[in-house]
Amino acid sequence: MPDLFTHLVAARAPGIFVRDKRIQALLVIGTFMPDIAYKGLFWVMQTRETFGAATHSFVGVLLISYLCCLFVEESIRKPGFIAFAAGGWIHILVDFIKFNLGAGSCRPLLPFSPVGFEIGWIDPENVVLLIPIDAAILAVAVLLERRFARVQQ
Amino acid sequence: MFSNKGYGWKLGAALALIAAMGVYAARKGESINPPLWRCVVEPRRWDNTMLWLPYARVVSIHDAEFEVAATDAKIRVIGKSPVPVGGRLTLRGIFRADGPRIELIESRSLPSDLGRRRLLMEVVSVLVVLVVLANFMRHFILRPQVLQVHRSEER
């Protein structure tokens, strides 16, 4: 995984188009869910690494999102599910940028295929260099969001 | 699907499906990038398997090969090391049972300040989690007592 700041920014930037702050918060939490589930399974439940691989697949994200949305109030459960799933899928797309020498940064097509996939733009040890870029994108996103809010008022 | 009707069943079904998918992924993914120690212990079983070592240290270098120590085992690698003895690298190659050895396909040296970079990333990640949780609590308040009162009123 790249650092959580990169994941946060990747979800928060499109989040400026979500008006409901609660759904926006779920979108951001949703982008952390694949890692929370993976780390939870690995560190707490002591499962094998391949067991947790499903948390970083498109279908796995849908299942985790459904489980998570059951914990929010009924009135916003459906948009909450969409927000969780969108956040999770953004997480997988961001993970694709890593370069793991072609081994694949995650296996997005599980359970249909165990093939790994990566775009390979940045070495995993260099994701720390993304932090200033992330900070700039986040600042622009928050600025735009405030401007939109003023226009709407 | 999103209502409170049959809530317990929905919760149970979601948990069961996630667990089932995990078991399926573990079985199907067993042959993908197995840990080095498993290959070394059972070389015949993992012959010709593609291996990726995310982190390894070069122990010795010879003419056309070098030896690396990963976290769980040591192995000979056929190819040219990108770093001197003691250097760290990540590599990908094909595991061969005779030896056993790895035929190098691709490798990359790892920076010497890898530990510091990781530490910085961890610190930033923890701060991010704290900020996100604080924001989450602004919009969603967990109040078990209120829920209990609400339940008792319903009865």
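In which helix of chain A is the place of Val61(A)? In this predicted model, Val61(A) belongs to helix H4 of chain A, which covers residues 58-69.

Let me describe the surroundings of that residue. Val61(A) has 26 other C-beta atoms within 10 Å and is therefore buried, the threshold for that class being 20 or more. If its neighbours within four places in sequence are set aside, Val61(A) contacts Pro34(A), Ala85(A), Gly88(A), Trp89(A) and Ile92(A). Phe17(A), by comparison, lies 44 residues from Val61(A) in sequence and 22 Å from it in space, C-alpha to C-alpha.

I turn now to chain A as a whole. Chain A contains six helices and zero strands. Of its 153 residues, 46% are buried. Among the contacts in chain A with a separation of 6 or more, 60% join residues 24 or more positions apart. Along the principal axes, the C-alpha atoms of chain A occupy a box of roughly 50 × 40 × 25 Å.

Next, the contact between the chains. Chain A contributes 40 residues and chain B contributes 39 residues. On the side of chain B that touches chain A, helix H1 (7-28), strand E4 (88-96), strand E5 (101-109) and helix H3 (114-139) of chain B each provide at least two residues. That side comprises 23 nonpolar, nine polar and seven charged residues.

Finally, the confidence scores. The model has an ipTM of 0.82 and a pTM of 0.83. For chain B, the average pLDDT is 84, and 90% of the residues score at least 70.

Conventions:
Residues numbered from 1 in each chain as written. Chains lettered and ligands numbered in written order. Predicted model: local features only at pLDDT ≥ 70, side-chain atom pairs only at ≥ 80, totals over all residues. Contact = placed C-beta atoms within 7 Å. Helix = DSSP H or I, 4+ residues; strand = E, 2+ residues; numbered from the N terminus. Nonpolar A, V, L, I, M, F, W, Y, C, P; charged D, E, K, R; others polar. pLDDT = per-residue confidence, 0-100. Buried ≥ 20, exposed ≤ 12 C-beta atoms within 10 Å, placed from the backbone.
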